[in-house]
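Here's a quick tour of a two-chain model, going from the interface down to a couple of individual residues. Have the viewer open as you read.

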Amino acid sequence: MNKIKFTIDGKECFAEPGQTIMEAAKANGVYIPALCRYEGLKPAGSCRVCTVRVGRGHMAACTQPVAEGMVVENIVPDLEDMRKSLIEMLFVEGNHLCPTCQKSGNCELQALAYRYQMLVPRFPYQFPVRQVEPVGPHLLLEQNRCIQCLRCVRGVKTTDGKAVFGSVKRSGKKKIAFDRDLAAGLSADAAKKAMDQCPVGALLKKEIGFMVPIGKRKFDQKPIGSEFEDKRS
Amino acid sequence: MARKITIEPVTRIEGHGKVTIRLDDSGRVVQSRFHIVEFRGFERFVQGRPYWEMPVLVERLCGICPVSHHLAAAKAADVIVGVGPDGLTPTAEKMRRLMHYGQMFQSHALHFFHLASPDLLFGADADPAIRNVIGVALKHKDLAVQGVLMRKFGQEIILATAGKKIHGTGAIPGGINKNLSLEERDSFLKAPDPMNVDKMIGWAQGAVDFFKDFHQKNKDLIDGFAAFPSNHLSLVRKDGGLDFYHGVLRAVDADGKKILNDVDYRNYLDYVGEEVKSWSYMKFPYLRSLGKTDGWYRVGPLARLNTSDFIPTPLAQKEFEVYKAYTKGKPNNMTLHSHWARLIELLHSGEVIKELLLDPDLQGEALLKKGRKAHEGVGLVEAPRGTLFHHYRINGDDQVTMANLIVSTTNNNEPMNRAVHWVAKNILEKKPEITEGMLNRVEIAIRAYDPCLSCATHALGKMPLEVELYDSRGRLLDCKKK
Ligand code: SF4
């Protein structure tokens, strides 16, 4: 057994060779906040919420492999504040109206905002003008809420493995687009899966909004990250 | 010199309104107007949204009776998913009814105990320092406490059915997203006094008795104040019984003649038109058969007890008979009798809540149904303040392309203007000066309709009142504030 030994916030952890900091943290019961990461998908390192510090360097825990003797800082005040500011930026960049969003209670962005007790973002709202676009017969893409985590780009595939979504343009104009012909072939089940993969209310399987009552939604009872943090304490 | 009097804002109504009264050189009223200053634009900004969002999105119109919007939108969406308006499962329909009657109970309790009772208990000329809910709490502690707890009881019912006390998500297209657990049920049926349904019904009966007693002692005020003939419109159950959740559309004239005879509300556009006037953001609905000038109508408790043939619960029916006997079975056109009607409805809501709680259908598991998709849906309910219309059209991608909402307060737009006019003519005209009491009477006339104007603001107690006087050229002559 060739386990790699390292620490996260002083806790001694072990990793398999080739594991990322995120994977190893999970295996050791440590929560590293993340947003674009999704179990089973190749990491994208795009949201930077999982940024940790090793020595004086900052790195995305989802893409950085663990090395022997690494001393990782995770839940420390300055990193947590940076994560909070990332969440705030995502909120002001789009139009996130939780009260009327069907993903409310199941939304990871909202859950992280609760975790960081975000009351009012410290950045000015951008109020972009964006549309709702139908994606094939079973899905809607609510561009107002897309945070460009690229989960759909990585995860929503046709039965023969073709990617349905991609990102187009750059910088402030960057957005998620899709192939109409491929989207037309997405089944209702694939649409549901796409909705579940999307961390926010941007991909919506048609006609199932609000079916889960308040109190029974994913984050109503257990705040995000609590599956690890409860065990730790 | 011609003068224009502006009263702004009107206090103790839900939201924000403004009244202007123009007097000519000899002090006679030449014009009175009740302006709605808010413009919320919901009909525009729901366009493009998925239709299943409507019950949750549109209820944000109002923080006072969101359940009405929630349910009217859900009923329209039922039609879109092919199960409306009569095809819901018993559990779904009864859960929604429970939610709605819970709301009716809390809203009517709030209105009577906290918004209307100060005027009745202390009179329009009383010191404004006591003529508010705090004054009620100090002088009539039991009434104030009952008001708070009845409101709370209704809100707990809403919580158990909609998931939240305000802005819940319970009603979804084609049904409901939860049933009522036995624990929830028992928390209403069997809780210790006073938070159980029997006590609530008892208090509601007490409120009706209180009003009747007050009426006996103040007949001139209650019968004469801002009384004027009008048409009346509401939903009624198919058999003519009072129903707040569902039914057919009926209208009667001031003498009780049916002018809309139990028609399917989905065709409301054939019967109801809306006139736009340049000086108000709020439209003026009218019955097409009678035209713009004569077709205006009242909605709300007064109208409902004029259109309905009976009330399908025993205690409220008994009170209904007393109430009807007072006008010898004819429609009641006395503005302040709205309070009486509202309290009878409060009692009825309590009785219906109890009936529903005892119904095992509420524990049923069949919550949702789906049928053949339609691209248009109309949903109506009787909101606390009156008939509420929701109408949506969607495109092939399930996005809303058109929304038309006629809210209760819009339906009562002309009646409120008439009530203000009555006060202007009968109380303000030819008086050398405008007193606080006179201005209060303008407010009392409006408040009888329990208007919900903005609606998210919730004005309780004292709000600043501003009076502005203008001459005929629009120059400000005087400005009084309180
Ligand atoms: S649509 Fe959802 S999954 Fe796709 S990039 Fe946007 S937020 Fe991520």
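## The interface

Start with where the chains meet, bearing in mind that this is a predicted model. Putting chain B and chain A together buries about 1800 Å², and 59% of that area sits on carbon and sulfur atoms. On the chain B side, 25 residues are in contact with 18 residues of chain A.

There's some charge pairing here too: chain B and chain A share four salt bridges. In one salt bridge, Arg49(B) pairs up with Glu142(A), with 2.5 Å between the closest N and O atoms. Sort the chain B residues on the side that touches chain A and you get nine nonpolar, seven polar and nine charged. As for polar contacts, eight residue pairs link chain B and chain A, counting pairs with both residues at pLDDT 80 or more.

## Chain B as a whole

Zooming out, chain B runs to 482 residues, and 64% of them count as buried. Its secondary structure comes to 17 helices and 16 strands.

Take the contacts in chain B between residues at least 6 apart in sequence: 69% of them join residues at least 24 apart. The accessible surface of chain B is about 17100 Å², with 53% belonging to carbon and sulfur atoms.

## Arg122(A), out in a loop

Now over to chain A. Arg122(A) is in the loop that runs between α3 (108-115) and β6 (132-135). Is Arg122(A) buried or partly exposed? Its relative accessible area is 43%, so it counts as partly exposed.

Setting aside residues up to four places away in sequence, Arg122(A) touches Asp81(A), Lys84(A), Ser85(A) and Glu88(A). With Asp81(A) there's a side-chain to side-chain polar contact of 3.3 Å. If you want a distance to check in the viewer, the C-alpha atoms of Arg122(A) and Ala188(A) are 40 Å apart, and the two residues are 66 residues apart along the chain.

## Glu80(A), tucked into a helix

Glu80(A) belongs to helix α2 of chain A, residues 77-93. Why does Glu80(A) count as buried? Because its relative accessible area is 14%, and the cut-off for buried is under 20%.

The side chain of Glu80(A) has a polar partner in the side chain of Arg83(A), at 2.7 Å. Beyond neighbours within four places in sequence, Glu80(A) is in contact with Pro33(A), Ile75(A), Arg115(A) and Tyr116(A).

Definitions and conventions. Residues numbered from 1 in each chain as written. Chains lettered and ligands numbered in written order. Predicted model: local features only at pLDDT ≥ 70, side-chain atom pairs only at ≥ 80, totals over all residues. Heavy atoms only, no water. Contact = heavy atoms within 4.5 Å. Buried area = accessible area lost by both parts, 1.4 Å probe. Salt bridge = Lys/Arg side-chain N within 4 Å of Asp/Glu carboxyl O. Polar contact = N/O pair within 3.5 Å; in protein donor to acceptor, adjacent residues only side chain to side chain. Nonpolar A, V, L, I, M, F, W, Y, C, P; charged D, E, K, R; others polar. Helix = DSSP H or I, 4+ residues; strand = E, 2+ residues; numbered from the N terminus. Buried < 20%, exposed > 50% of the residue type's maximum accessible area, 1.4 Å probe, protein only. Areas by Shrake-Rupley, 256 points an atom, 1.4 Å probe, with all protein chains shown as cover.
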